[in-house]
Amino acid sequence: AASDVYKRQKEAELQSLKSQLNPHFIFNCLNNIRALAIDDGEKTRQMITHLSEILKFMFQFNQQKLVNLEQEVNYVRNYLILESIQLDDRLISSINIEDGLDMWQIPPMSIQLLVENAIKHGIMQLENGGEISINVFGNNQQLYIDVINDGILLNDNKNGIGLENLQKRLSMLISEQSTLTLKQTNNKVKAQLMLIKP
């Protein structure tokens, strides 16, 4: 049936979008660990521990379309610890989640992608590093995820393949009304995911 063909096409497109995220992330982590291993064995061991937690998440949930918000946040915590070690503690981070959002499921690695983008284009460009804050709030119909970082929003940052893929995944898995926006406020950049249930 035509509907089955359409469904298979959507499944293939979704899997293609997801597969473009994982190899890039793993490659960066391994390079960071290799560079650190020369100078600091203890930090290297810490990084391997957090990377193992990240890989466990990726392997366990790679085939799933959606994951619990809590699972994604735990994944991001491990990622932020890894990056803080790699940046010699020049990265300060905080995560604030409003109560009552346990029912929400989101595309896996969606928050992580925004955090990775904030570090690459924001924190790593600042000599003294900076701060990232993740704020999650909403209700049972709308979910807002803000990733705010020190730095300057450049036009090149707005149109990356990863961000474009995330917007497509939001539209396919949550609703077409769900959006990803980036904006500059003073010396901070805010990326906001707005998820709206159909």
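Two strands count as paired if DSSP finds at least two bridges between them. Helices (H or I, at least four residues) and strands (E, at least two) are DSSP runs, numbered from the N terminus.

A word on what you are looking at. This is a predicted model, in which local features need pLDDT of at least 70 and side-chain atom pairs count only at pLDDT 80 or more, while totals for chains, interfaces and linings use all residues. Residues are numbered from 1 along each chain as its sequence is written, and side-chain values use heavy atoms, with hydrogens and water left out.

Now step back to the whole chain. The protein chain has seven helices and seven strands, and along the sequence they follow the pattern α-α-α-β-α-β-β-α-β-β-α-α-β-β. Buried residues (under 20% relative accessible area; exposed is over 50%, partly exposed in between, with a 1.4 Å probe and protein chains only) make up 42% of the 198 residues. The accessible surface comes to about 10,700 Å², and 50% of it belongs to carbon and sulfur atoms; such areas come from the Shrake-Rupley method with a 1.4 Å probe, and for residues only the protein chains shown count as cover. Contact here means heavy atoms within 4.5 Å. Among the contacts with a separation of 6 or more, 72% are between residues 24 or more positions apart.

Five strands form an open sheet in the order β2-β4-β5-β7-β6, with mixed pairing. β2 (91-97) and β6 (179-185) each have a single partner strand and stand at the edges, so one side of each is left without a neighbour in the sheet. From one strand to the next, the twist averages 15 degrees. Within the sheet, β5 (residues 142-150) pairs with β7 (residues 188-196) in the antiparallel sense over nine bridges, and Tyr-144 stands opposite Met-194 in β7.

Helices pack against this sheet. Helix α4 (residues 69-86) touches β2 and β4 (130-138), and its direction makes about 170 degrees with that of β2. Helix α5 (residues 110-121) lies across β2, β4, β5, β6 and β7, running at about 20 degrees to β5. For these angles, axes are lines fitted to C-alpha atoms, for helices over the stretch in contact, and the values run from 0 to 180 degrees between N-to-C directions.

The largest one has 44 residues, of which Ile-111, Val-115, Ile-132 and Ile-134 touch the most other members. The elements giving two or more residues to this core are α2 (22-37), α3 (41-61), α4, α5, β4, β5, α7 (161-173) and β7. Its largest share, eight residues, comes from α4. Take Ile-111 as a guide: beyond its neighbours within four places in sequence, Ile-111 contacts Leu-69, Glu-72, Val-73, Val-76, Ile-106, Ile-134, Ile-145 and Val-147.

Rings of Phe, Tyr and Trp (its six-membered ring) pair if their centres lie within 6.5 Å; planes under 30 degrees apart count as stacked, over 60 as edge-to-face and the rest as tilted. The structure holds one aromatic pair: Phe-137 and Tyr-144 are stacked, 5.3 Å centre to centre with 10 degrees between the planes. Phe-137 is partly exposed, with a relative accessible area of 31%.

Finally, consider the backbone. Most residues other than glycine have a negative phi. Met-109, in the loop between β3 (105-106) and α5, has a positive phi near 70 degrees, and Met-109 is buried at 5% relative accessible area. Asn-186 also has a positive phi, about 55 degrees. Asn-186 belongs to the hairpin of β6 and β7, which has two residues between the strands, and counts as exposed at 70% relative accessibility.

Technical notes: A nonpolar core is a set of buried Ala, Val, Leu, Ile, Met, Phe, Trp, Tyr and Cys residues joined through side-chain atoms within 4.5 Å.
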